[in-house]
Structure formats: C-alpha cells, structure tokens
Amino acid sequence: QVQLVESGGGLVQAGGSLRLSCAASGSIFTIGTMTWYRQFPGKQRELVGAVTSGGSTNYADSVKGRFTISRDNAKNTAYLQMNSLKPEDTAVYYCHAVLRTTERNGWLSYWGQGTQVTVSS
C-alpha cells in the first residue's frame with residue numbers, strides 16, 4: 001500500500017509564503033516525477049509544476065518566479081515553496097507521483113488527498 005500525504009496548507013495573507021510537503025510512504029521501490037497540481041472551485045485541476053527524480057523542474061507560467069519545487073529522495077518527499085502569494089493562488093493543492101512499488105511491476109500513478117491554501121487580500 002502506497003500513500004501520498006500533503007501537508008503545510010493553510011491561511012496566509014497576500015504577499016506571504018507557505019511551504020507544502022508531499023510525503024510518499026509504503027512499499028516504494030523508486031519514485032519518478034512528482035507533480036503539484038491545484039484546483040480552483042468548479043474548475044479542473046491545473047498543473048503547477050513538477051520535479052523529476054534527477055531534480056529537473058518545470059513550472060506553469062502563472063507561478064514562475066514565485067514557486068519553487070524541490071524533493072528529498074531519501075525522504076520520498078517533494079516540496080512546494082510558495083512565495084509572494086496572491087489571492088488568485090487560493091485553491092486545493094494536490095500532489096501526484098509516478099512510482100514503482102516492491103509488490104507490482106510497472107509504473108503506477110498516485111494522488112494525495114489535497115491540502116487547502118487560502119490567500120487573503
């Protein structure tokens with residue numbers, strides 16, 4: 001059984017910062033790309049950015065220069081550092097990972113449960 005658990009969400013004023021974590025646990029053999037998405041009320045999830053197992057990153061234009069994604073492979077954890085937050089960043093943030101377990105062949109897709117980020121003006 002594999003779980004992705006996000007943490008670090010909350011309420012912050014505009015211009016502030018938050019750091020989200022996504023911790024993977026369970027029978028993990030290796031983790032590939034870890035991706036952050038967000039979902040606004042009534043909208044589909046949109047890509048925030050991703051980090052490969054080698055540490056390469058990419059970001060949505062809307063967050064470039066403000067958000068930074070990193071990971072600690074030893075801890076099976078990805079991070080989303082969010083600076084200069086705006087009210088329009090208010091959303092539920094989800095973590096996604098593709099990984100291989102010790103129990104099954106092939107790459108599998110997992111989602112976290114999401115964490116709410118609210119930015120007040």
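Two residues are in contact here when heavy atoms of theirs lie within 4.5 Å. Take Thr118 as a way in: leaving aside neighbours within four places in sequence, Thr118 is in contact with Gly10, Leu11, Val12 and Thr90. Before going further, note that this is a predicted model, where local features need pLDDT of at least 70 and side-chain atom pairs count only at pLDDT 80 or more, while totals for chains, interfaces and linings use all residues. Residues are numbered from 1 along each chain as its sequence is written, and side-chain values use heavy atoms, with hydrogens and water left out.

Back to Thr118. This residue lies in strand S11 (residues 115–120); strands are DSSP runs of E, at least two residues long, numbered from the N terminus. Thr118 has a relative accessible area of 29%, so it counts as partly exposed (buried is under 20%, exposed over 50%, partly exposed in between, using a 1.4 Å probe and protein chains only). From Thr118 to Ile28 there are 90 residues in sequence and 32 Å in space, C-alpha to C-alpha.

Now follow S11 to its partner. Strands S9 and S11 run antiparallel and are joined by three bridges, and two strands pair if DSSP finds at least two bridges between them. In this pairing Tyr93 stands opposite Thr115 of S11. S9 also pairs with S4, antiparallel, over nine bridges, and there Ile28 has Thr101 of S9 as its bridge partner. S9 and S10 make a hairpin with six residues between them, and Gly106 in the turn has a positive phi of about 90 degrees.

At 11% relative accessibility, His96 is buried. Its side chain makes a polar contact of 2.5 Å with the side chain of Ser109; such a contact is a pair of N or O atoms within 3.5 Å, where within protein one must be able to donate a hydrogen and the other to accept it, and residues adjacent in sequence count only if both atoms are side-chain atoms. Beyond its neighbours within four places in sequence, His96 touches several residues, including Leu4, Met34, Tyr37 and Trp111.

Those last two turn up again. A search of the whole structure finds one aromatic pair. Tyr37 and Trp111 form it, tilted, at 5.0 Å centre to centre and 50 degrees between the planes (rings of Phe, Tyr and Trp, taking its six-membered ring, pair if their centres lie within 6.5 Å; planes under 30 degrees apart are stacked, over 60 edge-to-face, the rest tilted). The pair links distant parts of the chain, with Tyr37 in S4 (residues 28–39) and Trp111 in S10 (residues 108–111), 74 residues apart. Tyr37 is partly exposed at 22%, and Trp111 is too, at 39%.

Finally, look at the other sheet-forming strands. An open sheet of four strands runs in the order S1-S3-S8-S7, with antiparallel pairing. S1 (2–7) and S7 (67–72) are at the edges with a single partner strand each, so one side of each has no neighbour in the sheet. S7 is joined to S8 (residues 77–82) by six antiparallel bridges, and Thr68 stands opposite Gln81 in S8.
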